Each structure stands twice: as C-alpha cells, then as structure tokens.
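Please open the structure in your viewer and keep the selection tool at hand.

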Amino acid sequence: MSDPFVVVGGDAAGLSAASKFTRETPDRDVVVFEKGRWVSYAHCGTPYYVKGEVDRLTDLLSLSPEDAAERGIDLRREHEVVAVDTDAGTVTVEGGGERFEQPYSDLLVATGAHAVTDPIDGFDRDMAFTMHGLDAAAAVRAALADPDEAAVDTSIEYVDAALVDHYAAIEPPEHVAIVGGGYVGVEMAEAFRAHGLEVHLFQRGSHLLSPFGEAVCERVADHLREQGVALHLNTAVEELAGGDRVEAVVHDGGRVPVELALVGIGVAPNTELLADTSVALGESGAVAVDDYGRTSVEGVYAAGDCAEDDHAVTGEPAWVPLGLTANRAGRAIGQTVAGDPEPVGEVAGTAVVKAFELEAGRVGLLDHDDARAAGFDPVSETVTAGSRSGYYPGNEETTVRLTADRETGRVIGGAIVGKDRAAVRIDTLATALESDMTVGELERLDLAYAPPFSPVWDPILVAAKVLRGDLD
C-alpha cells in the first residue's frame with residue numbers, strides 16, 4: 001500500500017471518512033477493518049425492524065460492501081484490529097485465518113460503543129437481549145415469531161443464520177420485560193406491543209426519557225400506560241432469573257414472570273483497543289479529540305460513538321453518541337486527512353424519539369443543576385399550544401419547555417412533545433441554540449404560517465414569548 005489511511009470500524013464514522021477520503025484523494029490507499037459482517041447500517045432503525053415496519057435487514061444498510069468496493073475502499077469484514085502501536089505506526093489485525101501487521105500513515109479509530117448490561121445478573125440466560133446491532137435485531141424478531149414462520153430471511157449473506165434458527169425454534173413469548181426507560185426502551189415498548197405482547201418496562205429512576213425533562217417525561221409515561229405498557233418506575237432490576245432461559249425479572253420490590261427480557265440501560269465507548277497507547281481519553285471515558293477529530297497522538301483520529309466532541313452550549317468536551325454526530329465527524333476527518341482540514345462540528349445533544357403516537361425532541365441543557373454547573377443562571381417556562389390553527393383538522397396540543405440564561409437571555413436548551421409533527425420542531429430550537437440566539441431573537445423569527453402547518457404563533461414562538469416575559 002502507498003501512504004495508507006487505515007480505519008478501524010466499518011459503520012457510520014468509519015465508512016463516511018473512507019468515502020470522503022477516496023473522493024478527495026483517489027491516488028492514496030484506504031483500508032477499513034471491520035470485525036463483524038455488517039457495515040454502515042442504521043442502528044436507530046432496528047426497533048422498527050423488530051416491529052415489522054421495516055421488512056428486511058438489508059433495508060437498514062446505508063452502504064453495502066459492494067458499494068464500498070465501487071468507491072475504491074478496501075473493506076475487510078471479519079477482520080479485527082486487536083492492537084495499535086502508535087510508535088511504529090501499525091495496527092495488528094486478526095482475520096481471514098491469519099494475524100498480520102498493517103502499517104498506516106493516518107489512522108482513524110471508529111470503534112463505536114457497546115451495550116451495557118452490568119450490574120444486572122442473569123443476562124447470560126437465553127431470551128435475554130440488547131438491541132445493539134443487526135444480529136441482535138434479527139434474533140429478537142425471530143424470537144417473537146411462531147416456529148413455522150420465516151420472520152427473518154436467512155438467505156441474506158450477512159445474517160447469522162445459526163443464531164436466527166436457534167431463536168426461531170423457541171415458542172414465542174407472551175410476556176416481555178424491558179429494562180431501561182431511555183430511547184431503546186420506549187421504542188421497543190411500541191415494537192413489542194405491536195406483536196400483541198404484555199410489556200413491562202422497568203426504570204430505576206422516576207422518569208422515562210430523563211434527558212428530555214419532566215414535562216416530556218410525564219406526558220410520555222401517561223401515553224405508554226394508555227397503550228397498555230405496564231410501567232415500573234423507581235424500580236431497580238436485580239436479576240433476570242430462570243434456568244437456561246429467562247423466566248422472570250427480579251427487582252427490589254418483587255418478581256414479574258416473563259419469557260423474554262431486553263436490556264437497554266445505556267452504552268459505553270469502545271476504547272479498549274487504545275488502552276496500551278498514549279492516546280488520551282476524556283472525562284467521559286471516550287477518546288479526547290480536538291476540533292478536527294485529532295487525538296493526542298499525531299496522525300491518529302477518533303470519531304463516532306467512541307469519541308468526544310465539544311458541546312455547543314458549554315464549549316466543553318461532551319460524549320453524545322448519536323448517528324448524525326458520527327457521520328458528520330467521519331466525513332470531516334476524511335476530508336482533513338485528504339489535506340483540506342474540516343472541523344468535525346459541535347454537538348448540542350439534539351435528539352428525537354417516537355413513543356407510539358407521541359413525538360418528543362430535546363436539545364441543549366435542560367436540567368438546571370447541569371446548567372448551573374456550566375456557569376449559567378437558568379430560567380425555564382413550559383407552555384402548551386396548538387400544532388395548527390385551532391379550526392383546522394389535525395390540531396394537537398404541543399408542549400414546549402424552553403430554558404435560557406437569565407443574565408444574557410441566551411437560549412441554552414429546549415424540549416417538545418406532541419402528536420402532530422412535534423419532533424421536527426426541535427430543529428428550530430437547535431438552530432437558535434447553535435447560533436447563540438437570545439430568547440428575544442428567537443421570538444422574532446419569521447417562521448412560516450398556514451393553517452394546515454402551524455398557527456400564527458408557532459408553539460416555539462409562544463414559548464419564547466412567555467419566557468421573555470420572565471426575563472424582562
């Protein structure tokens with residue numbers, strides 16, 4: 001290879017970087033090592049595959065191995081990088097029945113994150129799952145189907161047929177448990193209910209979707225109950241009990257019989273590969289990087305769910321493992337390595353989630369303790385307004401919570417929940433926040449109005465108007 005750019009990890013950040021790099025520098029070699037079989041897939045789509053709204057796993061692929069080859073990327077699946085030597089400029093690779101050293105000129109670590117299951121005992125029992133990766137999604141969908149139903153197409157090259165066949169042979173559950181009330185937990189509650197299952201959702205804290213703030217959390221919780229989900233809030237799960245298979249969830253207040261359990265209590269960055277190097281980690285445990293994705297070691301970059309980025313509100317490093325962050329940072333690093341430096345961009349924690357008929361979004365700093373720790377004097381207001389003109393069909397109550405800094409009036413956070421295009425409205429707040437707008441400037445935005453789309457005063461503008469009154 002000539003002056004190779006080596007990428008560890010073949011998902012969002014890794015293949016975005018490799019694709020951009022090959023377009024900008026076609027005369028340089030790029031090789032991507034991926035320890036699994038799946039590459040460049042839409043992780044956030046897996047609950048909808050389990051639900052049945054997405055038919056085939058391959059529908060979730062953003063870039064196939066064939067597409068990568070056409071772009072000039074040397075993609076090597078089932079090749080695991082097991083060591084990095086930054087002094088020698090090499091990585092050690094195991095795959096294809098051999099172990100070898102691969103030199104690099106530039107290196108991108110895009111190893112992603114892994115699902116956390118500790119401290120819950122019994123996760124090694126059959127019918128206990130996480131929703132992390134397409135193999136996990138295939139296994140869960142197979143487990144929900146009748147044994148004579150071909151719910152997963154095992155003829156697809158990348159599918160783990162043995163895993164699918166194992167779960168397809170088991171009688172489907174009637175009662176399931178979800179441990180964790182975050183994005184995965186809420187989305188999987190909808191997926192399981194679509195299969196007619198009795199769903200128990202356990203959350204250690206008092207709120208679901210806690211990063212979205214109390215106003216959103218309470219409305220989502222009420223809606224899940226309306227949809228038949230049994231919520232166990234302030235309930236710490238201790239064990240997934242049973243013999244070979246899960247038979248019950250044991251928690252600090254009792255025991256609930258189930259035949260399947262899904263654990264969604266969070267993820268952690270995959271940084272073990274760098275343990276014996278001088279690459280520095282941040283306070284979050286993810287890789288510390290500068291504005292261009294460069295680590296503390298020259299020629300080594302990091303991006304995606306294993307790396308930190310600067311927060312748009314605080315200016316401090318933050319770990320926000322989301323899809324756009326990974327894709328954007330990977331693309332920027334590919335351009336930088338090609339010789340035209342491009343910042344990876346800041347993160348604001350902008351996120352949206354669907355909870356049955358409800359949509360919710362959040363951005364920035366919502367928790368007042370977090371805002372004070374970052375040096376702000378937070379003030380918030382919560383309003384409820386119509387999503388369209390009141391006389392137009394489809395109008396729904398939309399709740400907006402807006403937070404600003406009392407001294408400067410700067411918008412520092414917001415959240416929204418409703419049934420009618422509520423989630424997409426968070427993008428207005430994300431734009432205002434990243435532009436350092438004040439509440440007054442947000443209130444004066446010339447947002448579009450027509451009865452089928454919005455009232456004259458969009459719910460975002462109503463929130464800004466009320467909050468500005470507090471500030472004044």
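Begin by selecting strand β1 (residues 5-8), which is covered on both faces, with F5 and V7 buried on one side and V6 and V8 buried on the other; buried means under 20% relative accessible area with a 1.4 Å probe, protein chains only. The model is predicted, so local features need pLDDT of at least 70 and side-chain atom pairs count only at pLDDT 80 or more, while totals for chains, interfaces and linings use all residues. Residues are numbered from 1 along each chain as its sequence is written, and side-chain values use heavy atoms, with hydrogens and water left out.

Next, select helix α4 (residues 134-144) and helix α5 (residues 161-168), whose axes, lines fitted to C-alpha atoms over the stretch in contact, lie 7 Å apart at an angle of about 25°. The two helices α4 and α5 are therefore roughly parallel, a term for angles under 35 degrees. Their contact (heavy atoms within 4.5 Å) is made by D135, A138, A139, A142 and A143 of α4 together with L163, V164, Y167 and A168 of α5.

Finally, select T86, in the loop between β4 (79-85) and β5 (90-95). T86 counts as buried because its relative accessibility is 18%, and, leaving aside residues up to four places away in sequence, T86 touches Y104, T277, S278, V297 and V300.

Definitions and conventions:
Helices (H or I, at least four residues) and strands (E, at least two) are DSSP runs, numbered from the N terminus. Buried means under 20% relative accessible area, exposed over 50%, partly exposed in between (1.4 Å probe, protein chains only). Axes are lines fitted to C-alpha atoms, for helices over the stretch in contact, and angles run from 0 to 180 degrees between N-to-C directions. Angles under 35 degrees count as roughly parallel, over 145 as roughly antiparallel, 65 to 115 as roughly perpendicular and the rest as oblique.
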